[in-house]
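Subject: Handover of a structure and notes on it

Dear colleague,

Please find the sequence and the structure below. I would be grateful if you kept them open while reading the notes that follow.

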Amino acid sequence: MRTGTALIYDEEMTKYKLLWVDPACKIEVPERLTVSHEALVRSGLADRCVSIPVREATEADILLVHSEEYLEAVKKTPHMTLEDLKEFTLQYGDVYFHPNIYRCAKLAAGAALQLVDSVMTGKVRNGMALVRPPGHHSMRSAASGFCVFNNVAIAAQYAKQKYGVKRVLIVDWDIHHGQGVQYCFEDDPSVLYFSWHRYEHQKFWPQLRESDFDSVGKEKGAGFNINVPWNKVGMQDSDYVSVFCHLLLPVAYEFCPDLVLVCAGFDSAIGDPEGEMCAAPDVFAHLTHLLMNLAGGKLCAVLEGGYNLTSLAQSVCQTVQTLLGDPAPRPADLAGPCKSALESLHCVRSAHRQYWSCLKHAADLPSPDISTKRVKLAEEEDEEVTLDKGEEEESAEEKVWPEPLKRVPPPTRTAVVLPDGVACPDGCKNFRPSEDLDPLIVNKLKEDFLKDADDSDALSTLSSLVALVEKMEKNEVCSGLALVRDVSVAMMCVVQHAASALRNRVLVVCLGDGKVPSHVTEDGKTCVVQFSDKESEEQESKYYIPVCLKKGYGDVSGFIQAVLGLLLPLGYEYDPGLVLLVRMSDSGPCESAWQQLTGLLLGLAQGHTLVLLQEGERTRVGPTASSLLGDPAPSLGQLPAPTPEDVESMERLRHRLKADWKLLQTTGDFTTAAADINLTHCLTSAQLLKLPGLY
Ligand code: Q9C
Ligand code: ZN
């Protein structure tokens, strides 16, 4: 099992800067790298990483993406005079040259390649490279947007060539469109490029028509380029998480990459003068976590933008700490995506529905058609901008936000409660109930849950569970695993204790059709999501969510879609303090899907997940423990289309719940009506008359 996180950094890359006055370039400063690195050192994170030296990318490496003419031109810059450099710079947009930038650009690309080598050879599991200059704007024969060589594009080509990697996913969470990456892989189905970016209906740099959602890739590569244009500033955590759950992750799981590269720009975080977004630095812990179970955990993050030094350093720390395996922080109040984000999400999902089976059910774009819409919105935008521009710019400078809380991993990562004779998995702690468990609680357990008051084994198991839950609440233990004689009783015991004695909300994820009394959910302190192959008889409510998968777990696609598109967004919005994952005997998905589920759920509740397994399922102990310890889940393989029945029942469920759970929404107001027609085919003519633009 590969472990460890690489950190690649070299001070040499701080040794170039802007030598003349250029307002467009003044934000790209050497301090971006020093503050990021110093924050990692000060927080003790750098010490926990495997330090890997940089190297210069060779000419052959650079030529994987760039033209010989361009390389030859850049090669001359170290010898140029200041005047020559200025003039050379003029042929490109928003970039500057310096006598040492060629050397640094070779190191930046080389750092990305060192990272790929370290991950692909198994020296480490994942890693981050802190580099300057950034790369994602640079094109085959042109520098652009502070970028000289396209570090990540070169890394992707290199991984394909040197390691025979078949599919690479590039996630570009920088706030600018990496048009250089798009151009490089537009017709290449082996590289899936995903980018979200500030767009404002083409008003924002680089102001390209091809940055919009309808640039989906060309020829064989159609469907493998995904652009999410942000048409407003001020996007928040919810908007980012929503796009991950409803777009990137379902497509990424269907694609099944062998390697994930992240264009890790942090100008998408709050406080950044370029992005003007409002996502907290903490959100990068979640974005990172959500990608860490793809490609068997092989993830390489390479720095791109990020111009608010405070926000940048905090975001880099969140990313690296997550790569190291520490539990993610509690997600900040995720109140659901804004209208503009939903509109973008809807457009991208519609544009890609013909390429990805996970999006097949996404509603078509309503009339008026896309292009009319774009022009119309751009005009509206214009008016707004002229109205309150001054105000907006001022507030962008004044942004303040709380420093992310220090993430202190509990002393014990995973504790297990196992019957005699079952070995404690490596790396876990065998949990024995402490004597100091309140006798009152013990008595209550006896009364409420034991059929036979003298059943000391059963009592000991239940006491252990309660004690374990208390340790998790106190953050002394992160996650837990118990093999119990009766999962239903154990589940009720934990739920009752957690709901009555603890302050926290509990998310119960139940696999199998055992009975889950709905009364436990009435006060909202417990939310139950139950996966089963039978229609539920329970009363449906906001807090009892039966997910019916008719084909059972035989259909991994349907199951994983439900996890990504229903369970995760619901979990993120509910924000539990504890996740209770219950696997009834003889039900549940295959091992790798089970491990994916477990791994993904660890992003909630600061990793406080307690798994209950039926006693007979001893063979599941090892793999489950491994997931709770943070090992990446094995890939599921390229997923086929989920069955139409499963899709339909999930969509019905989403439809029912989206009023209560905003993070389940995938369409904006403007489309709800049309989407409803698509979904239910049952609007009355009276309702039709009220639809805008249809009559
Ligand atoms: N208001 C990266 O983030 N435009 N590049 C600057 C100044 C260029 C950003 C305009 C932004 C380039 C890697
Ligand atoms: Zn950027």
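What covers the buried residues of helix H19? Before the answer, please note that this is a predicted model. The cover of those residues includes strand S9 (412–417), strand S11 (477–484), helix H18 (591–601) and strand S16 (609–614). Helix H19 itself spans residues 621–628, and seven of its eight residues are buried. They are Val-621, Pro-623, Thr-624, Ala-625, Ser-626, Ser-627 and Leu-628. After H19 comes Gly-630, which has a positive phi, near 100°.

The two domains

The chain is divided into domain 1, covering 5–328, and domain 2, covering 412–636. Taken over C-alpha atoms, the centres of domain 1 and domain 2 are separated by 38 Å. Domain 1 gives 20 residues to the contact, and domain 2 gives 22 residues.

The size of an interface is often given as the accessible area lost when the parts come together. Between domain 1 and domain 2, the buried area is about 1,700 Å², and carbon and sulfur atoms give 59% of it.

Nine residue pairs are in polar contact between domain 1 and domain 2, with both residues at pLDDT 80 or more. On the side of domain 1 that touches domain 2, helix H9 (237–255) and helix H10 each supply at least two residues. The largest share of that side comes from H9, with six residues. The count of salt bridges between domain 1 and domain 2 is one. Asp-631 also forms a salt bridge with Arg-125, and their closest N and O atoms are 3.3 Å apart.

Thr-288 lies in helix H10. Is Thr-288 buried or exposed? Thr-288 is buried, with a relative accessible area of 1%. A polar atom of its side chain lies 2.6 Å from the backbone oxygen of Phe-284. Leaving aside neighbours within four places in sequence, Thr-288 is in contact with Trp-173, Leu-299, Thr-319, Thr-322 and Leu-323.

Leu-85 is placed in helix H5, residues 82–90. With a relative accessibility of 1%, Leu-85 also counts as buried. Which residues does Leu-85 touch, not counting those up to four places away in sequence? Leu-85 touches Trp-20, Thr-77, Met-80, Phe-97, His-98 and Pro-99. Leu-85 and Leu-19 are 66 residues apart in sequence, and their C-alpha atoms are 9.5 Å apart in space.

Yours sincerely,
A colleague

Terms used
Residues are numbered from 1 along each chain as its sequence is written. Chains are lettered from A and ligands numbered from 1 in the order in which they are written. This is a predicted model: local features need pLDDT of at least 70, side-chain atom pairs count only at pLDDT 80 or more; totals for chains, interfaces and linings use all residues. Side-chain values use heavy atoms; hydrogens and water are left out. Domain bounds come from an automatic or database domain assignment. Contact means heavy atoms within 4.5 Å. Buried area is the accessible area (1.4 Å probe) that two parts lose on being put together, summed over both. A salt bridge is a side-chain nitrogen of Lys or Arg within 4 Å of a carboxyl oxygen of Asp or Glu. A polar contact is a pair of N or O atoms within 3.5 Å; within protein, one must be able to donate a hydrogen and the other to accept it, and residues adjacent in sequence count only if both atoms are side-chain atoms. Helices (H or I, at least four residues) and strands (E, at least two) are DSSP runs, numbered from the N terminus. Buried means under 20% relative accessible area, exposed over 50%, partly exposed in between (1.4 Å probe, protein chains only).
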